Amino acid sequence: MTPTELMTAVSLGSIAVKIFPASLGGPSYLKSLRGPFPNTPLMPTGGVTAANLSSWLDAGAIAVGAGGDLCPSAAIAAGRYDEIESIARRFATALRLARGTR
């Protein structure tokens, strides 16, 4: 999460670094990390939603991780897989729009 941890991960040979929980700093924090680490692939996880996915990519994320926002535990426990599918479709649409594809 911190620049020091990011430097350590890179020095140990990481090819990408997961930023978690990304919601603490938001896309602006990830964008700020791009300045001193322009060649380090960053992947935010924790707080990525279909609504803010494009902001993360615009900030320089190479990928995003989504857990609870993609598969809410209540929906899993209740067997509401149609709800999870609907959320997944929103994520897929958001990604296509962020990439400029249809």
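Predicted model: local features only at pLDDT ≥ 70, side-chain atom pairs only at ≥ 80, totals over all residues.
Proline 3 has a relative accessible area of 39%. Because this value falls between the 20% limit for buried residues and the 50% limit for exposed ones, proline 3 is classed as partly exposed.

Once neighbours within four places in sequence are set aside, proline 3 is in contact with Tyr29, Leu33 and Phe37. For tyrosine 29, the separation from proline 3 is 26 residues along the sequence, while the C-alpha to C-alpha distance is 11 Å.

## The extent of helix α5

After α5 comes glycine 100, which has a positive phi, near 80°.

The buried residues of α5 are Ile84, Ile87, Phe91 and Ala94. Viewed down the helix axis, these buried residues fall within an arc of 80°, and therefore they line one face of α5. The elements against which they pack are α3 (residues 53-58) and α4 (residues 73-77).

Which exposed residues does α5 carry on the face turned away from its buried side? That face bears Tyr81, Asp82, Arg89 and Leu97. In summary, the buried residues of α5 line one face of the helix, and exposed residues are carried on the face turned away from the buried side.

Notes:
Residues numbered from 1 in each chain as written. Heavy atoms only, no water. Buried < 20%, exposed > 50% of the residue type's maximum accessible area, 1.4 Å probe, protein only. Helix = DSSP H or I, 4+ residues; strand = E, 2+ residues; numbered from the N terminus. Arc of directions from axis to C-beta. Contact = heavy atoms within 4.5 Å.
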